[in-house]
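The following note accompanies the model shown below.

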Amino acid sequence: MTFKSLFNQFKHILFLLKKKGIRYTYNYLHFALLFDTKNPFLIKLLYWLKPYPSYIEIEVTTRCNLECIICEHTYWKEKNRDISFAEFKNIVDQFPKLKWIGLTGIGESFLNKDFLKMLRYVKEKNIFVELYENFYLIDENIARELVEMEIDKILVSFDAATKETYEKIRVNSNFERVIKNVKNLLRLKKEKRAYFPEIAFHFIINKLNISEISQYIDLVHSITQGEKTTIQFTRMLHKFSEINNLFTEVPENIIQDTERKAKEIKNIEITWNTDVPRFKPSIDKCTKWTMPFIFVTGHVIPCCVGNEANRRDFQKETALGNVFEQNFKEIWYGEKYEILRKMLRQGKVPLACKNCSVYETKR
């Protein structure tokens, strides 16, 4: 890490202290330092202490207005369901020291009529909220609420630089409409002189769009009008029969060219999701089990990495419990979780993690 990046992080922490206060800044630092840590001592400490989760993800709906050709939802036969506000509140209230929450599942969250109410509830608790959003439904009114609530971070799920490629991947969406909605939110932020929501962009690489990466950086620069932003590139998490023809690894030369392009543009930071590198760390380095993912049906799975494999029934069968049937604390300290943590610590692969795309599982 360079001196410049350290200095920028220090300035950001001072900004958060002034803007949001001590508790919020502590939550932010807790997540930034502990989740996904590579420090061997901290990893061992997490396994030893097995701290009650400070970060969770909740899937609030499995309804979706799009039929993206790279998404497992397009090929499901599962009945759609929403989490009610009462169910959501009951789950969140079981985590009194919650610091971070992700509210993106295999569905479009804004189709749940109570979603804004859910966002207000967690923001009242000073919890850091992160969303991945296709921006098809975020009109002017919703954008204004997101700015006023100071939702922390929204990653725009936008996977192409051209209308033709984008609408081929994200079926039923509209290239111009999404760009307009993103620009509207950015405009509202400027009008209100608001820092939040922090807007970043998320690009899932596949064979249809891999040639548009350089052009995409230019497009993002245009949308943000040169303001500082981040693009997170990720490889498709898994390949399954319906999408085998679209799956591709990310060659090293494309990674280098992409980073070079971003440096030329300036004010665009590039990050690579943890599934991108060809060589994966051993599974005993895993910390993702510290962020449980809760399905709309209440099933608790170890993390989000098993999603998008089109193996929903398998995920439910290997779930660690169900929050609609028992208290989460009973699940967390129960036998299934204890076995999972023990196996991971020993470098063994639990059944629920056998298809992990982030850690090595072929031992």
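A residue is called buried under 20% relative accessible area, exposed over 50%, and partly exposed in between, with a 1.4 Å probe and protein chains only. The model is predicted: local features need pLDDT of at least 70, side-chain atom pairs count only at pLDDT 80 or more, and totals for chains, interfaces and linings use all residues. Residues are numbered from 1 along each chain as its sequence is written, and side-chain values use heavy atoms, with hydrogens and water left out.

1. N253 belongs to helix α10; helices (H or I, at least four residues) and strands (E, at least two) are DSSP runs, numbered from the N terminus. The relative accessible area of N253 is 46%, so this residue is partly exposed. N253 lies 213 residues from P40 in sequence, and the two C-alpha atoms are 30 Å apart in space.

2. Residues with positive phi. K266, which is not a glycine, has a positive phi of about 75 degrees. K266 sits in the loop between α10 (252–265) and β7 (268–272), and counts as exposed because its relative accessibility is 58%. N172 is also a residue other than glycine with a positive phi, near 85 degrees. The loop between α7 (163–169) and α8 holds N172, which is partly exposed because its relative accessible area is 44%.

3. A cis peptide bond. Between F196 and P197 the peptide bond is cis, with omega near 0 degrees. P197 lies in the loop that connects α8 (175–191) with β5 (198–205).

4. The sheet. In what order do the strands of the open sheet lie? The order of its 10 strands is β7-β6-β5-β4-β3-β2-β1-β8-β9-β10, and the pairing is mixed. The edge strands are β7 and β10 (321–322), each of which pairs on one side only. Two strands are taken to pair if DSSP finds at least two bridges between them.

5. Strands β2, β3 and β4. Strand β2 (residues 100–102) runs parallel to β3 and is joined to it by three bridges; here G102 stands opposite E130 in β3. Strand β3 (residues 128–133) also pairs with β4 in the parallel sense, over four bridges, and L131 faces I154 of β4.

6. Burial of β4. Are the residues of strand β4 (residues 153–157) mostly buried or exposed? Five of its five residues are buried. K153, L155 and S157 point one way from the strand, while I154 and V156 point the other way.

7. The chain as a whole. The protein chain contains 13 helices and 10 strands. Along the principal axes, the C-alpha atoms fill a box of roughly 50 × 50 × 45 Å. Buried residues account for 54% of the 363 residues.

8. Of the contacts (heavy atoms within 4.5 Å) with a separation of 6 or more, 73% link residues 24 or more positions apart. The chain has 58 positive and 46 negative charges, whose mean positions are 5 Å apart. Lys and Arg count as positive and Asp and Glu as negative, whereas His and the chain ends are not counted; each charge is placed at NZ of Lys, CZ of Arg, CG of Asp or CD of Glu.
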